Amino acid sequence: MLRGLYTAYTGMLNQQQRLEVTTNNLANAATVGYKKEGSTSQAFDECLTIKINDASENYVRRGIGNMSLGVKIGETYTNYGQGSVRETGEPFDLAIGGNGFFNISYTNKKGQEFTMYTRDGSFTLTKEGNLVTKDGDFVLGQNGPIVLPTDAEITIDAMGNIYNGNELLDQLKITDFEDYNYLDKFGENMYRTVDGATEKEAVGQINQGYLEMSNVQVVEEMVSMITIQRAYEAAQKVETSMDEILGQVVTLGKL
């Protein structure tokens, strides 16, 4: 019975983790470039059940089979599938069609600079001519942070080439990776590499005047939330029933 309590508890804990992931997806359903997350479940390693203190078998210890101790929280993964594309008409709103990430120069509170990667192409041009993210981080081109004339009519082609009329000014630096498992999520929609990340040529195309929206399907997440809540309630009822049975056992033991 105690094992039943523990099994129900692990089920509730696992559903709570799934609910947190689902609610985070819903909270970022309107976040530009956000990639939905999912969670996995794993079974605890089975353990051998041993029969002991059984007078019918002369108190001989022997294995009677394996049993599971419930479920444990697995890994949280990211779905990098393409999100829907929304037209804005803004010259510095950019969407990548296909694979690849924009390169961003990020500076932390200690003044250390890192290259981050994102699918969020909602950029702006500062009065100094720096192309930046909504948080003020520099967007990188082939030669470093992109600096553009503020009084020009900028066009950006599918290859990421930036023009002022017929004059080529710079090219957006777009990076893709062999294995996205070597990307670590940072904030809502940025990523940083971990040891083992291998870059490869990006084949995505740039769409000027568009933004890639979140790939979260709200209806799907709502259905998932309802399923999770029902599973949590079922495990809760099991735990309550086990507790009541144990209470009755204790009461009978006192008689």
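Ser-214 is placed in the loop between strand S21 (210–212) and helix H2 (218–254), helices (H or I, at least four residues) and strands (E, at least two) being DSSP runs numbered from the N terminus. The model is predicted, so local features need pLDDT of at least 70 and side-chain atom pairs count only at pLDDT 80 or more, while totals for chains, interfaces and linings use all residues. Residues are numbered from 1 along each chain as its sequence is written, and side-chain values use heavy atoms, with hydrogens and water left out.

**Loop residues**

- Ser-214 has a relative accessible area of 6% and is therefore buried; buried means under 20% relative accessible area, exposed over 50%, and partly exposed in between (1.4 Å probe, protein chains only).
- A polar atom of the Ser-214 side chain lies 3.0 Å from the backbone nitrogen of Val-216.
- Asn-28 belongs to the loop between H1 and strand S1 (37–43), and its relative accessibility of 7% classes Asn-28 as buried.
- The C-alpha atoms of Asn-28 and Glu-188 are separated by 7.8 Å, although the two residues are 160 residues apart along the chain.

**Salt bridges**

- The count comes to seven salt bridges, each defined as a side-chain nitrogen of Lys or Arg within 4 Å of a carboxyl oxygen of Asp or Glu.
- One of them joins the side chains of Lys-36 and Glu-220 (3.1 Å, N to O).
- This pair links distant parts of the chain, with Lys-36 in the loop between H1 and S1 and Glu-220 in helix H2, 184 residues apart.
- Lys-36 is buried because its relative accessibility is 14%, whereas Glu-220 is partly exposed at 46%.
- A further salt bridge connects the side chains of Asp-120 and Lys-134 (3.7 Å, N to O).
- Asp-120 lies in the loop between strand S8 (113–118) and strand S9 (124–125), and Lys-134 in the loop between strand S10 (131–132) and strand S11 (138–141), so the pair ties together parts that are 14 residues apart in sequence.
- Asp-120 counts as buried at 6% relative accessibility, while Lys-134 counts as exposed at 52%.
- Arg-192 and Asp-184 also form a salt bridge, their closest N and O atoms being 3.4 Å apart.
- Both partners are partly exposed: Arg-192 has a relative accessible area of 34%, and Asp-184 has one of 32%.

- Three strands, in the order S13-S14-S15, form an open sheet with antiparallel pairing; two strands pair if DSSP finds at least two bridges between them.
- Strand S13 (154–156) and strand S15 (167–171) are at the edges with a single partner strand each, so one side of each has no neighbour in the sheet.
- From one strand to the next, the twist averages 30°, with axes fitted as lines to C-alpha atoms and angles running from 0 to 180 degrees between N-to-C directions.
- S13 is joined by three bridges to strand S14 (residues 161–164), and the two run antiparallel.
- Thr-155 has Tyr-163 as its bridge partner in S14.

**Nonpolar surface patch**

- Tyr-6, Tyr-9, Leu-13 and Ile-73 make a nonpolar surface patch of about 350 Å².
- Patches are made of residues with over 30% relative accessible area and no salt bridge, with like charges joined within 9 Å and nonpolar side chains (Val, Leu, Ile, Met, Phe, Trp, Tyr) within 5 Å.
- Helix H1 (residues 2–27) gives the most to this patch, with three residues.
- Tyr-6 is found in helix H1 and, at 38% relative accessibility, counts as partly exposed.

Definitions and conventions. Accessible areas come from the Shrake-Rupley method with a 1.4 Å probe; for residues, only the protein chains shown count as cover. A polar contact is a pair of N or O atoms within 3.5 Å; within protein, one must be able to donate a hydrogen and the other to accept it, and residues adjacent in sequence count only if both atoms are side-chain atoms.
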